[in-house]
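Here is my note on the model you asked about, written as numbered points. Please keep the sequence and the 3D view open while you read.

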Amino acid sequence: MPRILRDKRIVVGVTGGIAAYKVPELVRRLLQGGAVVDVVMTPAATDFVGPLTFQALTRRPVQVSTVGVWQGEQAGHVTLGALADLMVVAPATADALAKLAHGIADDAVTLTALACPAPLIVAPAMDHHMYRHPATQANLELLRSRGVTIVGPHHGSLASGMIGEGRMAEPDELLGAVRQVLGRDGPLRRRRVVVTAGPTREPIDPVRFLSNYSSGKMGYALAEVARDRGATTMLVSGPTCLSAPYGVQRIEVETAAEMARAVQEMTASADVLVMCAAVADFRPRSPASEKIKKREASLVLELEPTEDILASIHRPGLVKVGFAAETERLLEHAREKLERKGLDLLVLNDARRTMGADTAQVFLLRPGKPPEVLPELPKDEVAERIWDAIQLLLEAGTGTGIG
Ligand SMILES: Cc1cc2nc3c(=O)[nH]c(=O)nc-3n(C[C@H](O)[C@H](O)[C@H](O)COP(=O)(O)O)c2cc1C
């Protein structure tokens with residue numbers, strides 16, 4: 001799990017909407033990341049999910065009353081808010097938004113929020129007429145103008161049976177928002193980074209393509225960690241099954257040529273380029289304009305090389321990071337690639353073991369230095385280690401950018 005959540009004190013405020021059923025999952029994910037989570041609820045929220053569920057997950061008391069005093073490290077109606085690194089209200093009912101906007105503090109959630117100087121995230125969820133009502137919109141505007149982060153709601157099926165705007169953001173998106181807000185003043189603040197991820201697809205005919213086993217997991221993890229450290233993050237992604245990470249600008253491409261164009265454009269104002277995508281080295285020279293018919297005779301495809309994206313980027317000061325996925329003579333091939341492409345850092349892995357997996361064992365290679373061997377780690381932890389190395393390069397003013 002990402003480092004950004006570790007030991008952070010997060011208060012989750014639950015108010016009385018049907019989407020409250022999703023919040024135990026958010027709490028579980030925050031806990032998995034190493035956060036200390038306290039849950040506060042309105043009385044209405046307890047009609048939807050029992051406090052016992054949150055108590056069992058967090059192993060901590062759940063506050064429902066404004067006068068509730070609990071046993072434990074500290075007691076008091078304002079302590080939780082004062083100690084928090086961040087507060088999330090999810091779901092945020094129309095009623096709760098009105099109270100938050102106007103400083104009303106007559107339940108445990110709004111009282112804690114008013115006593116909380118830390119950043120606040122709200123996840124509105126309600127019927128679409130309630131959401132569109134000018135009173136709700138004005139309250140959201142007021143909260144936004146005070147720096148509150150509003151996540152969602154989205155268009156979709158609502159508890160009323162209608163389809164419309166008002167569906168609460170999913171726990172995954174809320175987790176992304178929590179990570180971004182916690183890290184917004186991090187070490188990569190004011191840095192612009194471009195990460196590429198996933199495979200490319202090179203058309204053979206209108207229904208077939210050449211591609212590879214890349215899942216995109218490593219590149220997406222790198223983009224998320226950059227965002228967690230405060231960077232303005234752009235993710236140029238080939239086709240994957242992964243959703244766009246919260247707070248990351250995703251540019252979707254298919255072919256190596258499209259990826260090359262997007263990277264050229266995005267790196268014009270970037271500090272770091274991390275080329276993690278498994279870009280095709282060859283593409284069919286003349287893709288057929290109609291579907292190729294099945295026949296007895298064998299089919300020969302003529303392939304031509306694709307553009308070398310990393311070598312084509314020339315920008316002084318840009319830190320260039322490449323990936324090498326090799327299957328034999330790993331270090332020898334990687335060292336050659338590091339030099340040929342003029343990279344500041346090269347991440348080497350064994351393609352057979354890493355592609356599509358949730359873990360990776362990589363070597364970090366820098367010009368003129370012995371390789372650093374990392375143990376096998378989950379890809380998000382590998383991403384943290386890679387950004388540790390890139391940060392050192394940025395601090396040292398490295399970045400030849402010369403391909
Ligand atoms: C079944 C049911 C579902 C509800 N769902 C929502 C909802 O999704 N969003 C909302 O703003 N209010 C919803 N309400 C209305 C709130 O529960 C009501 O306004 C309540 O006073 C909110 O209290 P609270 O903001 O203190 O939690 C729902 C009510 C019922 C009975």
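This is a predicted model: local features need pLDDT of at least 70, side-chain atom pairs count only at pLDDT 80 or more; totals for chains, interfaces and linings use all residues.

1. Residues are numbered from 1 along each chain as its sequence is written, and side-chain values use heavy atoms, with hydrogens and water left out.

2. The protein has 14 helices and 21 strands, where helices (H or I, at least four residues) and strands (E, at least two) are DSSP runs numbered from the N terminus. Along the principal axes, its C-alpha atoms fill a box of roughly 75 × 50 × 35 Å. Of the 403 residues, 52% are buried; buried means under 20% relative accessible area, exposed means over 50%, and partly exposed lies in between, with a 1.4 Å probe and protein chains only. The protein exposes about 18,400 Å², and carbon and sulfur atoms supply 53% of this area, which is computed by the Shrake-Rupley method with a 1.4 Å probe, counting, for residues, only the protein chains shown as cover.

3. The domain assignment gives domain 1 (3-182) and domain 2 (186-395), and such bounds come from an automatic or database assignment. The centres of domain 1 and domain 2, taken over C-alpha atoms, are separated by 37 Å, and the contact between them takes 10 residues from domain 1 and 11 residues from domain 2. Contact here means heavy atoms within 4.5 Å.

4. Which residues come nearest to the ligand? Of the 14 residues around the ligand, these are Gly16, Thr42, Thr93, Asp95 and Ala125; a residue is counted as near if one of its heavy atoms lies within 4 Å. By class, this shell has 8 nonpolar, 5 polar and 1 charged residues, and its largest share, 3 residues, comes from helix H4 (residues 94-102). The classes count Ala, Val, Leu, Ile, Met, Phe, Trp, Tyr, Cys and Pro as nonpolar, Asp, Glu, Lys and Arg as charged, and the others, Gly among them, as polar.

5. A polar backbone atom of Gly16 is 2.6 Å from an oxygen atom of the ligand, while an N or O atom in the side chain of Thr42 is 2.7 Å from a ligand oxygen atom. In the side chain of Thr93, too, an N or O atom is 2.7 Å from an oxygen atom of the ligand. Taken alone, the ligand exposes 640 Å², and the protein buries 62% of that.

6. Ala20 is found in the loop between strand E1 (9-14) and helix H1 (23-32), and Ala20 counts as buried because its relative accessible area is 0%. Leaving aside neighbours within four places in sequence, Ala20 is in contact with Val14, Thr15, Phe48, Val49 and Pro91.

7. Pro91, whose place is in strand E3 (residues 86-92), is joined to Ala90 by a cis peptide bond with omega of about -10°. The peptide bond from Gly152 to Pro153 is also cis, with omega near 0°, and Pro153 lies in the loop between strand E5 (149-150) and strand E6 (154-157).

8. Finally, please check the backbone at Asp7, where phi is near 65°, a positive value in a residue other than glycine. Asp7 lies in the segment before E1 and is classed as exposed because its relative accessible area is 61%.

Key. A polar contact is a pair of N or O atoms within 3.5 Å; within protein, one must be able to donate a hydrogen and the other to accept it, and residues adjacent in sequence count only if both atoms are side-chain atoms.
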